[in-house]
Every structure is written in structure tokens, then in C-alpha cells.
Amino acid sequence: MSAPLSRNTLFLLSAILVLALCLRLYRVGTFSIYFDEKSTLLISQGVALEGVNQRDIFSKPYFTPAEFWKPKTLADFVDANIRGDIGNSPVYYGVVWLWMKFFGLSDTSLRMPSVIFSVLIVWLLFVFVRRHLQPGTGVAGAYGLNPQSVDILALTSAAIATVEPFFVSFSHVARNYSMSSFLTLLATHLFLLILERIRSKDTIRTSVQSGVVSLPTLYVAYGFVFVISLLSHYLTATVFLCHGLYALVYLRSTRAWLALGVTGAVGLGLVSLWFLFGGGKYTFSILEEQKNFYRTLALSNPTGSGYGFILPATFPNIVRRAVPVFSDLFIFTNGLGNQLLGLRNSIPALGLGVLATGILHRYYSVPKPPAWVYVAFPLILLAGLPLYSVTPLRQLVLSGALPFVYLIGRFITDKTNTNQKRVVSLLILLAFIPTFFLLFMAWRSGHTFGITQRYSGFSFPYVCILVAMGLYQLTTLKWWFSLPITAILCIQGIHIIQLLGAVYTDGPEKYPAFPKARITNPFWTSAQRIQELYTPGDTILYPNKKRPIMSEKNDRTFAPVTLIDAQTVNIYLPKDAQYIQRVDPNERDRIVLVKGQTGKKITIFDFQGSTYRYGD
């Protein structure tokens with residue numbers, strides 16, 4: 001068991017959690033939802049995209065909000081999940097439905113589950129590090145780290161997660177990524193607790209007095225989290241793949257293998273019910289259709305399709321897409337993907353980094369190195385500045401990243417015992433396997449559309465721990481090495497601050513990126529204006545914007561018009577309203593209120609194509 005928290009540690013942890021909450025709450029509802037979030041909103045309310053489960057409503061000449069909001073069934077929810085997200089993430093949509101049932105349908109309310117789970121990641125990361133790197137079971141013990149040092153490592157990991165741009169950005173997005181990252185971190189925590197108990201040979205006994213949970217209880221908890229993780233996002237399977245690889249190497253107990261096997265089999269059996277009878281029954285056929293759709297785009301129109309850069313899955317193209325994903329995993333290399341791809345500058349920058357790292361390695365433990373070392377180390381890192389043709393400071397950060405990676409390695413080598421090195425090996429698997437899985441799937445699919453940060457975001461908590469190890473090791477360096485590295489990290493810190501600023505101004509830098517900052521949700525504002533202006537006898541006309549058909553099952557609809565704009569506005573209208581509404585087949589962009597007495601047409605909102613539909 002971990003030692004009790006000291007007053008200082010508890011204060012610092014509380015401060016970190018408050019900061020994490022503030023960073024995630026700030027401007028969380030300022031900018032409009034985009035297409036993926038529209039899907040979340042509609043699915044959570046049991047509304048299938050394009051009205052497939054509302055045929056009786058949209059087949060009539062006119063419909064009302066009261067008809068739109070008729071009670072939904074579980075079958076409606078399943079159908080909405082199939083149409084909106086290939087049957088993926090039903091647990092997440094259930095959580096959103098429950099949350100919004102109590103807290104309303106605003107954009108802030110829609111995104112609050114992401115905020116909460118993102119803060120919980122910070123808390124659980126502290127618990128994880130403190131539990132699994134504690135004295136006697138890991139880092140400490142024979143290597144001299146005391147409980148206070150482990151607390152520092154745990155606090156540092158939590159602090160890094162607090163300001164990690166990926167976590168902050170996706171806390172502002174009503175999608176499953178924050179929840180899935182939390183669940184997989186929790187699953188890894190339970191997995192390591194199980195292995196710890198197996199090693200201690202305390203397989204059955206429960207000690208209520210000491211708060212020890214029985215091994216059978218841990219298996220049940222792990223199995224439960226396994227099931228809800230997979231049903232929060234299918235790609236969480238890559239995390240459990242890492243658990244399996246780790247167990248394959250280090251687990252030698254036949255009884256433990258049998259118990260884990262039964263746990264996995266029961267969990268997969270429960271998940272399979274969703275694929276056999278629920279929303280997952282069309283998942284693989286829809287994925288096949290989407291694969292063919294994106295592969296066709298990759299071969300015919302890789303850069304001008306409107307879906308971003310979708311390239312054929314050749315080895316150079318896969319590398320081109322993978323490099324930014326890997327570099328952005330680590331906060332000290334965030335944003336260096338473009339620098340790495342520009343070989344004219346990156347090769348000299350990496351070469352200088354290798355030279356500096358060589359000096360660091362050679363004189364790491366020397367208390368009084370030759371005088372030239374004091375000057376050579378920083379000068380080597382700075383030597384490329386006059387030579388770089390673009391972004392010289394970013395190239396300097398690239399050079400400095402290599403000595404920092406070395407520090408992570410030194411921490412693992414110097415500060416961990418045998419058992420703890422095993423845990424670190426699991427962290428490394430979890431840091432890289434999810435992204436390598438994306439690359440493998442891209443190669444199989446023939447296109448690079450799926451190589452994106454959010455699909456391997458489960459890796460970030462473990463990367464935060466590795467970065468914290470490097471920072472801890474940095475504090476043990478002699479000043480002639482630590483000061484230049486710290487200065488470079490400060491330069492990178494400025495980049496991180498700018499990136500967080502872009503999150504709050506909806507800048508185009510990365511993650512959900514748009515050409516310019518989004519306005520307040522136009523569907524919500526349209527609903528408010530309709531309520532202000534509508535009088536009995538008026539008619540509301542919605543636009544008919546054509547959408548591409550990526551999947552016959554997902555996108556093909558019974559209606560001759562597109563319904564998503566009408567559906568999204570109706571989400572925000574009173575559930576008992578009797579407003580007369582229809583979709584105008586000849587209008588592409590405007591929501592129009594036609595006054596019943598005069599026939600006057602009032603434009604409620606003009607979407608201007610895709611300008612204000614955001615990703616649709």
C-alpha cells in the first residue's frame with residue numbers, strides 16, 4: 001500500500017487538479033459544435049442521422065418539434081449509434097445522455113463529460129505513479145529514492161497531464177477520447193495491481209483492516225473496465241493488446257493465465273453481444289465501405305476531397321503522416337513533426353543533438369570534466385542556428401530533445417530496480433503500440449485517413465510518466481548540462497503556451513482545426529431566434545445540403561432531402577412546440593421563417609455552404 005499523503009503533497013495535488021479543471025472549463029462552450037459533436041448530440045438523444053428512425057415524421061409534408069421529440073426507445077438509440085458512429089462508443093453516448101438529462105442540452109453541458117474525465121485522468125495518473133513506483137515495489141528501495149521522491153514524480157506526471165495540449169483540447173470536444181483514456185488508464189492500474197498480488201502470492205485473502213482488495217475482486221473489476229473500455233471506443237483494444245504482450249513476457253503463473261483468460265473470455269463474450277444483437281452488427285461492413293471510399297479518394301483526389309490529406313498508403317506516405325503523430329505524443333517534441341520532415345534542416349539538428357548527447361553520456365558522472373565540456377555542450381546545440389533555413393528555434397528544440405530522451409533512459413537505468421523496469425517496459429509498449437497499430441491498419445486499408453492523433457490518444461498518460469522521469473533526472477544533472485537543456489525546454493514551453501492559447505481562440509494549429517475561429521453554435525442561436533419570432537401560422541424552412549455517401553448503411557436515407565440541419569435545430573427547440581416545419585428541397589444554406597399572414601421571408605441563419613456547418 002502507498003504511504004499516506006503528506007500535507008504538502010496533498011496541497012500540491014489539489015492545486016494541480018484545480019488548475020486542470022480551470023484550464024478545461026475556460027471557454028469550453030464558446031465555440032460551435034462541429035460534425036462529430038453533432039453526431040454525439042443526436043446519438044445521445046436517440047436521433048439517427050438523416051432521420052432513418054423518424055421516417056413517420058419526415059415522410060409527411062410538415063413536422064413539428066413535438067413530433068420530433070416523441071419518446072425514443074432503446075432500438076432508436078441503437079439505430080442512431082449505427083448511423084452516427086458505426087456502432088462505436090455506446091457506453092460514452094449513454095453517459096452523455098444521462099448527463100444531459102440532468103444538465104440540459106447546451107454546448108457546455110454536452111462537453112462536460114469530457115472535461116470531467118480529463119480531470120480524472122490527471123488524478124488517476126498521480127495515483128497510478130504513486131502506487132506502481134512506490135518504495136519496495138519499484139523505483140525506490142535499493143536505488144535510494146524515498147517516498148517523497150516518488151510523490152514528486154507522481155506530481156510531475158500529473159502536472160504534465162494538466163497542461164498537455166491534447167488533453168486540454170479534447171476536453172473541449174464532445175467525443176469519447178477523454179473517457180476512453182481514463183478507462184484504459186484505470187484498466188492498466190487494475191492490471192498491474194493483479195500482477196502485484198500474484199507476485200505477492202496473496203491470491204485469495206482479503207484484509208479489510210489494511211484495505212487490501214481480494215484478487216477475485218480485482219479480476220471482476222478489470223473485466224468490467226475491459227468491457228466498458230471497448231464499448232467506449234473499439235480502438236481501446238490496443239491497450240489490452242499491450243497488457244497481453246506484457247503478460248506473455250513476464251507472467252509465469254498458470255493459475256494467473258487461466259484467471260486472466262477466463263476474465264478476457266467473459267469480457268469478450270459480453271462485448272460480442274453488442275456485435276451480434278446491438279449496434280456493432282454492422283460495424284465491420286460499414287468499415288469496409290468506408291475503407292473503399294477513402295482509398296478511392298486517396299487514389300483519385302488525395303488533397304482536394306474536403307476530408308483533409310488522404311494519401312495512398314505507401315511507405316513514404318505512412319511515414320509522412322506518422323512522424324507528426326509520434327512527435328506530438330511527447331510534450332517536449334510537440335509540434336516538431338514538420339521540422340523532422342524537412343530533412344535539409346532536421347538532419348543537421350539531429351546530428352548536433354547526437355553529438356551533444358555523446359558528450360552528456362561521456363561526462364555524465366564526472367564531477368569535474370575538462371574545461372572544454374562546459375562550453376562545448378551548449379555550443380554544439382546552438383551551432384546550427386545560423387545554418388537553419390527555417391524556424392531555427394524549433395530546430396534547436398529538436399536538437400535538445402535527444403539529450404532529454406537520454407535522461408529518460410538514464411532514469412530507467414539508474415533509478416529503477418528489476419521489477420520496476422518491467423513496469424516501465426509496459427509504459428513503453430503503451431506509448432507506442434497504439435500508433436503502430438494505426439500504421440498497420442493504414443497499410444492494410446490502402447489509405448492514411450486513420451493516422452490521426454486522437455485514435456492513439458490512449459498513449460498520452462503513459463508518455464506523461466516517461467517525460468516526468470526525464471524531468472526528474474534533469475534535476476540531478478550538473479549545472480553545465482542542466483542549464484542548456486532547461487533553457488531549450490523553456491523555449492518549448494513557450495510553444496506549448498501558444499498552443500494552449502490556440503485552443504482558447506479556436507486557432508487552426510492542430511487537433512480539431514478550422515480555417516478560422518468558430519462562432520457560437522448557429523443551430524442553438526437559430527433555435528433561440530425561431531422561438532422569438534415564430535407565431536401561429538408561420539412556417540420554418542430548413543436547407544437541403546447534399547452529403548456524400550461513404551457508406552450505404554450509414555449515409556443512405558429514405559428522404560429525397562438532407563435532414564441533418566433540421567434535426568440539429570430541433571434538438572434545441574421546446575419539446576412540446578407545435579411549430580410548422582419542412583425542408584425546402586431548393587434551398588442549400590438558409591434557414592427561413594415564412595410569416596403566415598404576409599408571406600414575408602425572414603432569414604434566420606445562412607450557413608454559407610460549409611462555412612458555418614463545421615466539418616459537415
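## The nonpolar cores

The largest nonpolar core has 176 residues. A core here is a set of buried Ala, Val, Leu, Ile, Met, Phe, Trp, Tyr and Cys residues joined through side-chain atoms within 4.5 Å. Phe-191, Leu-407, Met-469, Phe-481, Ile-530 and Tyr-542 touch the most other members. Helix α10 (residues 177–200) gives the most to this core: 13 residues. Helices are DSSP runs of H or I, at least four residues long, numbered from the N terminus. A second, separate core has five residues, including Phe-293, Tyr-294, Ala-298 and Ile-310.

This is a predicted model, where local features need pLDDT of at least 70, side-chain atom pairs count only at pLDDT 80 or more, and totals for chains, interfaces and linings use all residues. Residues are numbered from 1 along each chain as its sequence is written, and side-chain values use heavy atoms, without hydrogens or water.

## Around Phe-191

Which residues is Phe-191 in contact with, leaving aside neighbours within four places in sequence? They are Tyr-222, His-243, Tyr-246, Ala-247, Leu-260 and Leu-426. Contact means heavy atoms within 4.5 Å.

Phe-35 lies in helix α2 (residues 35–44). Phe-35 counts as buried because its relative accessibility is 15%. Buried means under 20% relative accessible area, exposed over 50%, and partly exposed in between (1.4 Å probe, protein chains only). Phe-35 and Gly-615 are 580 residues apart along the chain, yet 5.1 Å separates their C-alpha atoms.

## Leu-276 in helix α13

Leu-276 is part of helix α13 (residues 254–277). Leu-276 has 55% relative accessibility, so it counts as exposed.

Technical notes: Helices (H or I, at least four residues) and strands (E, at least two) are DSSP runs, numbered from the N terminus.
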